[in-house]
Amino acid sequence: MCGIVGYIGRREASPIIVDGLKKLEYRGYDSFGVAIIGSSLTVSKHQGRIAENANSAGSLQGKLGIGHTRWATHGIPNEINSHPHTDCSGEIALVHNGIIENYAELKRALLAQGHTFRSDTDTEVIVHLIEDRYKETQDLLSAVQATLPSLKGSYAILVIRNGEDRLIAARCASPLVLGVGDGEYFAASDMTPLIEHTERAVFLEDGDIASVSRTSVAIFHGNEPVNRPIELVDLRLEDVKKGGFAHYMLKEIYEQPQAFYNTIQAVRDLSLSPEITCISPITLVACGSSFNAGLIFKYLLEEAGNIPARIEFGSEFKYFPPPVGGTVIGITQSGETADTISALLQAKAQNCCTIAITNVLGSSVSRVADRTIFMRAGPEISVAATKSFVTQLAVLMQMVNRLSENTYDEILAHGHHVIEELLLMDFSDAVDLCMTAQSIFYVGRGAFYPVSLEGALKMKEIAYIHAEGYAAGELKHGPFALLSPKTPVIAICMPGKTYGVMISNIKEMKARGAPVIALGSAGDKELIDIVDLYLPLPGNNVFVQVLASLVALQLIAYYTAVALGKDVDKPRNLAKSVTVE
Ligand code: F6R
């Protein structure tokens with residue numbers, strides 16, 4: 001949520017920064033801005049997408065600068081509230097990702113001292129505080145070091161000052177990485193914008209402050225100098241490019257077979273003891289799609305391993321902590337979701353053993369949890385989670401496999417083939433039914449209930465069609481009142497112990513006038529006869545049927561959004577990494 005980029009070197013800074021911000025737009029995209037130091041400090045800020053105003057921001061002259069792409073928290077998305085923010089003199093500029101929780105009291109004090117505020121943001125207090133400290137120290141690094149202890153909350157900041165040939169970077173609970181070039185340095189929220197310039201990176205830790213010049217970087221933890229290693233980052237430029245696909249989301253859906261395979265290989269020898277034993281209760285905490293992945297895990301684990309598991313929303317757990325013991329697993333592809341991280345901290349306070357499942361090396365969650373298991377999805381640029389979801393499932397399914405004595409080794413080793421088969425299917429008839437719908441219900445039972453939740457979430461977020469996932473038996477307890485020919489139902493109906501009741505449920509829905517699209521197993525004549533559209537899925541085991549139905553629902557949502565002309569990769573009001581509670 002919000003992306004920041006900084007540059008100092010021999011090249012013009014603004015095109016590098018603007019280009020970098022475009023790659024971070026998935027973190028927020030309601031407004032953006034850059035500040036460049038050339039003959040003086042100049043700032044260019046704009047409401048809306050970067051592509052619409054890239055030329056004016058990208059033509060500022062100077063070889064040192066900072067930029068920001070915003071997902072509004074404090075203050076509406078407009079030019080004034082967009083970053084960079086400057087101090088009263090206009091000599092210091094700052095960009096910030098995070099939330100300053102005590103900004104109101106700091107602002108009151110600064111206003112009383114005579115500072116002039118222009119924006120409604122929490123961020124602006126930081127630059128005025130630095131302004132005050134600079135008056136005392138006449139040194140930008142010392143001024144930032146003296147300012148940070150007054151801040152409560154989370155921040156990754158970049159600061160520049162007219163007349164100083166350096167960039168100050170600092171982080172606390174928001175991500176920040178420095179890219180090391182040849183006679184040039186970069187700073188960014190993550191490696192995505194840096195990979196085309198360098199593969200050498202320094203990951204700052206919470207409490208670090210870096211003073212970056214053209215030729216060197218000095219890092220302090222608070223006021224103490226520290227050494228942070230330069231790491232070689234294993235990312236390829238192709239990973240962050242669209243590569244001929246119409247959208248990142250489609251590219252990422254097509255990358256799922258490989259991503260699933262890579263993750264299964266990476267966790268093949270996953271050992272779960274001593275953290276998880278069959279007697280200790282397992283609790284999962286997560287948000288959004290990651291919550292849905294956790295709920296699938298709960299069903300699979302209880303069915304396959306007869307081991308109880310519970311799942312809680314990260315956003316509820318911190319404030320209403322349930323009595324938990326044993327192991328708490330936080331699932332977060334970004335590794336930065338504030339609600340999930342808070343929940344894990346709460347679990348630690350309750351003496352639980354914590355495990356994080358994340359896609360991002362060095363992310364905040366991996367510093368919080370006792371142990372981290374990495375998915376191998378590669379960078380996911382589109383806001384809607386697809387391959388990160390499938391790789392979360394890969395890790396979680398492997399956990400179920402381990403806890404049920406490796407019963408599913410063979411199935412997991414071939415899971416990627418099922419996803420490949422799905423990618424060849426045609427969903428155009430389903431899209432035709434969905435794109436004119438007022439509302440869509442997704443229903444399933446057991447592990448297919450959370451698959452329904454995930455399918456509905458995808459449709460809501462990228463096609464902006466109201467959609468709800470339901471446990472199939474629950475529809476008759478109220479939502480039936482909404483069924484009509486304009487309210488299709490997507491039913492996942494697989495052979496097994498709930499098949500008979502699913503068939504009855506589908507007949508009840510049909511009787512209320514709803515068109516039914518069924519995802520079923522190949523050759524199911526009974527199902528074919530009663531539904532409006534039947535989509536046969538491969539697989540005869542719940543693990544692969546979950547993967548197959550999930551990918552089908554992703555594709556139906558994607559093609560519906562495209563047919564409706566929506567901005568698939570950057571849906572309105574959303575951001576990929578939600579670092580606020
Ligand atoms: C939906 C989506 C979100 C995220 C949620 C949690 O497509 O991406 O619902 O799943 O914001 O994000 P992470 O997994 O980064 O904690």
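**Where the ligand sits**

Analyst: Happy to! The space that the ligand takes up is the second largest pocket. Keep in mind as we go that this model is predicted.

Let's begin with the surroundings.

Next, look at which helices take part.

Now zoom in on individual atoms. In serine 290, a polar side-chain atom is 2.6 Å from an oxygen atom of the ligand. Serine 334 also has a side-chain N or O atom placed 2.6 Å from a ligand oxygen atom. For glutamate 461, the distance between an N or O atom of the side chain and an oxygen atom of the ligand is 2.4 Å. How much of the ligand does the protein bury? On its own the ligand would expose 410 Å², and the protein buries 91% of that.

Glutamate 184 belongs to the loop between strand E9 (177-180) and E10. Is glutamate 184 buried or exposed? Its relative accessibility is 8%, so glutamate 184 counts as buried, because the cut-off for buried is under 20%. The side chain of glutamate 184 also makes a polar contact, at 3.0 Å, with the side chain of arginine 11.

Follow the chain to the loop between strand E10 (185-188) and strand E11 (200-203), and you will find proline 193. With a relative accessible area of 3%, proline 193 is buried.

Finally, some backbone details. Most residues other than glycine have a negative phi, and most peptide bonds are trans. Histidine 83 and proline 84, however, are joined by a cis peptide bond, with omega about 0 degrees. Proline 84 sits in the loop between strand E4 (64-70) and strand E5 (85-86). Glutamine 138 is not a glycine, yet its phi is positive, about 55 degrees. You will find glutamine 138 in the loop between helix H4 (124-137) and helix H5 (140-147), and at 53% relative accessibility it counts as exposed.

Definitions and conventions. Residues numbered from 1 in each chain as written. Predicted model: local features only at pLDDT ≥ 70, side-chain atom pairs only at ≥ 80, totals over all residues. Heavy atoms only, no water. Polar contact = N/O pair within 3.5 Å; in protein donor to acceptor, adjacent residues only side chain to side chain. Areas by Shrake-Rupley, 256 points an atom, 1.4 Å probe, with all protein chains shown as cover. 1 Å grid on protein atoms, 1.4 Å probe; cavity = no way out; pocket = protein on both sides within 12 Å on 5 of 7 lines; lining within 4 Å. Sits in = over half its atoms within 2 Å of the grid points. Helix = DSSP H or I, 4+ residues; strand = E, 2+ residues; numbered from the N terminus. Buried < 20%, exposed > 50% of the residue type's maximum accessible area, 1.4 Å probe, protein only.
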